[in-house]
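Hi everyone, thanks for making time for this. I'd like to walk you through one model, going from a loop to the sheet and then to the helices. Please have the view open while I talk.

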Amino acid sequence: MSGSTDEQKQHAAWEPARRCASSWVVLLVTVLVGLAADLGSKWWAFEKIAPVPQAIDREAVVRVLEHDPSQIMSLINPHEPRVVVPGLLNFQLVLNAGAVFGTGQGKRWFFIGFTAVALCFALWVFAAWTSRRDRLGQIAVGLVVSGGIGNLYDRVRYGCVRDFIHPLPGVKLPFGWHWPSGDADVWPYVSNVADALLLIGIGVLMVKLWRAEKKKS
């Protein structure tokens with residue numbers, strides 16, 4: 001009986017984040033900080049990593065994607081990766097016309113639409129699923145939203161996503177393993193801050209959901 005009473009009190013005290021002004025402030029600040037970190041780092045990367053600044057022409061990107069998406073890297077000057085931490089982190093400019101990890105190259109409008117729907121879903125999660133006291137959940141949703149907006153901006157503004165972060169360059173998978181694409185590197189993908197924000201935010205939300213389901217069982 002007392003357990004049921006405690007659950008009723010907790011349910012009565014639960015208030016959705018959408019009704020709390022401070023929760024919206026947490027969400028907005030997280031989105032703005034994440035977006036600034038993503039767009040600022042992309043600007044810096046395409047200005048400084050190659051020997052000369054790399055300007056991305058949206059019309060040229062669209063023409064390449066219409067004819068041969070595999071040639072998109074021809075739109076930036078070849079350059080040597082900038083070694084940040086040997087064996088751990090390189091910076092190298094890449095244009096990505098696909099999704100995270102470069103999948104689905106050339107399907108720009110599909111990913112624009114998918115991202116818009118995903119952003120609406122993330123805002124629904126914030127409004128309906130997080131409580132006013134759930135700061136971690138609010139920050140996680142903010143990370144997802146900022147990462148989504150950062151890459152959506154690139155797709156609309158440039159026709160592709162600007163990537164430059166390459167973790168574990170040249171580190172091979174053990175036992176001769178390789179990815180379905182044929183790559184043998186542990187992490188063959190070049191990504192950006194927005195991708196990292198998305199993965200962190202989604203990871204936190206999944207852990208929270210798992211814990212919530214575990215408490216119910």
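**A loop, a sheet and two helices**

Let's begin with leucine 168, which sits in the loop between strand E3, residues 161-167, and helix H6, residues 193-216. Keep in mind that what you see is a predicted model. Leucine 168 is not a glycine, and yet its phi is positive, at about 50 degrees. Its relative accessibility is 30%, so we count leucine 168 as partly exposed.

Is phenylalanine 175 buried or exposed? It is exposed, with a relative accessible area of 72%.

As a reminder, strands of a sheet pair through backbone hydrogen bonds, in either a parallel or an antiparallel way. Here we have an open sheet of three strands, ordered E1-E2-E3, with antiparallel pairing. E1, residues 82-85, and E3 are the edge strands; each has a single partner strand, so one side of each has no neighbour in the sheet. On average, and ignoring direction, neighbouring strands in this sheet are turned by 35 degrees against each other.

If you zoom in on E1 and E2, the latter being residues 89-96, you'll find an antiparallel pairing over three bridges. For a landmark, look at valine 83, which stands opposite asparagine 90 in E2.

What packs on this sheet? Helix H2 does, touching E1, E2 and E3, and the direction of H2 makes about 85 degrees with that of E3. Helix H5 lies across E2 and E3, and runs at about 135 degrees to E3.

That brings us to the two helices together. Packed helices are described by the angle between their axes and the distance between those axes. For H2, residues 21-48, and H5, residues 135-158, the axes come within 8 Å and cross at roughly 40 degrees. The crossing of H2 past H5 is right-handed. And who takes part in that contact, by class? Between H2 and H5 we have eleven nonpolar, nine polar and four charged residues.

Thanks, and I'm happy to take questions!

Methods
Residues are numbered from 1 along each chain as its sequence is written. This is a predicted model: local features need pLDDT of at least 70, side-chain atom pairs count only at pLDDT 80 or more; totals for chains, interfaces and linings use all residues. Side-chain values use heavy atoms; hydrogens and water are left out. Helices (H or I, at least four residues) and strands (E, at least two) are DSSP runs, numbered from the N terminus. Buried means under 20% relative accessible area, exposed over 50%, partly exposed in between (1.4 Å probe, protein chains only). Axes are lines fitted to C-alpha atoms, for helices over the stretch in contact, and angles run from 0 to 180 degrees between N-to-C directions. A crossing is left-handed if the near helix is turned anticlockwise from the far one by less than a right angle, and right-handed if clockwise. Ala, Val, Leu, Ile, Met, Phe, Trp, Tyr, Cys and Pro count as nonpolar, Asp, Glu, Lys and Arg as charged, and the others, Gly among them, as polar. Two strands pair if DSSP finds at least two bridges between them. Contact means heavy atoms within 4.5 Å.
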